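I opened the model to follow its strands, its cores and a few backbone details. The entries below keep the order in which I looked things up.

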Amino acid sequence: MPDPERPAPHLLILGGEDVAAALAAAVAERFGDRLAVTYSLAGRTTPARLPPGRVRSGGCGGAEGLAAFLRAEAVTAVIVATHPFAAAISRNARLACDAAGVPRLCLRRPEWQPQPGDRWLMADTAAEAAAALPGLATRVLLTLGTADLAPFAALPGIAFVVRMIAAPPQPPLPGCTVVTGRGPFDAEAETDLLRRHRIDAVVTKASGGGATDAKLVAARALGLPVVMIRRPPPEPGPAVEDVGAVLEWLDRIGARSDNPPAQES
Ligand code: NAP
């Protein structure tokens, strides 16, 4: 029997990705008001959709600020469902959860695996990816965030097409062409994009997952090289790759009010 004296467990989802919003919706459907949910966003971009329930926006003040938030809000579990390149918030979440004694699970998109016919060149950073381009390509599609574009400005002989979620007020690189779009993308449209702009190489982050992998299928079909920026090392701790596995974890640790949460061993 639920204990009316005990408040519902409180889940914090660190979001910012479509999969995180989908997770919040699935949690609401599965647990209803037996589980209070707060969805947290960095607040720098406008999400395609906001999940049901309480949403907070903006940084928490580092690992210490996040630990203070966990204690003040009596958070009983944290799901880190941020982008695989969002290393700072993932680290903060690990430190804060350890400090506050709150169980944490990472929801991480599955890594892309090279297929026969792929021509991938791996790079550790955007600067390394930019350095790989001279002699390789003259018309390049960049599917990176604005924060990663600076090294490409130093390559005057190369024309860039930059794909962004929304058109920025200023071109993000001198003389570049901006195309806008939000995943999921399909391979036919991606092949058309590459052909239309006479692209001869693609630069992307190894984000993984199914929403943005169509450009890899298109590049493979056209025999184009892809310069792939590796993910930062993942934070240690339990991780799953799909929403269903998160729901199972919540069930296991006792996300219901009639089953108090416990630390994972
Ligand atoms: P980051 O470097 O890991 O985080 C920078 C700072 O932003 C963090 O220290 C934290 O500030 C705040 N922050 C990030 N995510 C937050 C969240 N969900 N809730 C509250 N605060 C958050 O992250 P980033 O690479 O700048 O990405 C920012 C957001 O955009 C992330 O939520 C990420 O999922 C999303 N995103 C990132 C990429 C990418 O390629 N990096 C791509 C698509 C979407 P405080 O230290 O003050 O708490």
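I take helices (H or I, at least four residues) and strands (E, at least two) as DSSP runs, numbered from the N terminus. Before going further I noted that this is a predicted model, in which local features need pLDDT of at least 70 and side-chain atom pairs count only at pLDDT 80 or more, while totals for chains, interfaces and linings use all residues. Residues are numbered from 1 along each chain as its sequence is written, and side-chain values use heavy atoms, with hydrogens and water left out.

**Entry: overview**

I counted seven helices and twelve strands in the protein chain, whose C-alpha trace spans about 70 × 35 × 30 Å along its principal axes. Of its 265 residues, 46% count as buried, where buried means under 20% relative accessible area, exposed over 50% and partly exposed in between, with a 1.4 Å probe and protein chains only. Taking contact as heavy atoms within 4.5 Å, I find that residues 24 or more positions apart account for 70% of the contacts in the chain with a separation of 6 or more.

I then checked pLDDT, the predictor's confidence in each residue, from 0 to 100. The chain has a mean of 92, with 93% of its residues at 70 or more. Over residues 256-265, however, pLDDT stays under 50, and for this stretch the model has 31 contacts beyond four places in sequence. I leave those contacts without further comment, since where pLDDT is low, the predicted coordinates should not be read in detail.

I call two strands paired if DSSP finds at least two bridges between them. On that basis six strands form an open sheet with parallel pairing, in the order β3-β2-β1-β4-β5-β12. The edge strands are β3 (54-57) and β12 (239-240), each of which pairs on one side only.

I looked at β4 (residues 77-80) in more detail. Strand β1 (residues 10-14) runs parallel to β4 and is joined to it by four bridges; L12 stands opposite V78, and L14 opposite V80. Three bridges pair β4 with strand β5 (residues 104-107), again in the parallel sense, and L105 in β5 is the bridge partner of I79. From β4 the chain crosses to β5 through helix α3 (residues 87-100), and this β-α-β crossover is right-handed, a term I use when, with the strands pointing away from the viewer, the path from the first strand over the helix to the second runs clockwise.

**Entry: nonpolar cores**

For a core I take a set of buried Ala, Val, Leu, Ile, Met, Phe, Trp, Tyr and Cys residues joined through side-chain atoms within 4.5 Å. The largest has 26 residues, and L11, I13, V27, I79 and L250 have the most contacts inside it. The elements that give two or more residues to this core are β1, α1 (18-31), β2 (36-41), β4, β5 and α7 (243-253). Setting aside residues up to four places away in sequence, I13 touches A20, L23, A24, V37, T38, Y39, S40, I79 and A81. There is also a second, separate core of 23 residues, which includes L149, C176, V203 and I229.

**Entry: E111**

I located E111 in the loop between β5 and β6 (119-123). At 43% relative accessibility, E111 counts as partly exposed. Beyond its neighbours within four places in sequence, E111 is in contact with A206, G208 and R231. E111 and A206 are 95 residues apart in sequence, yet their C-alpha atoms lie 7.2 Å apart.

**Entry: backbone details**

Most residues other than glycine have a negative phi, and most peptide bonds are trans. I noted a cis peptide bond from G183 to P184, with omega near 5 degrees; P184 lies in the loop between β9 (177-180) and α5 (187-196). A74, in the loop between α2 (62-72) and β4, has a positive phi near 50 degrees. R198 also has a positive phi, near 50 degrees, and is found in the loop between α5 and β10 (201-205). With a relative accessible area of 59%, R198 is exposed.
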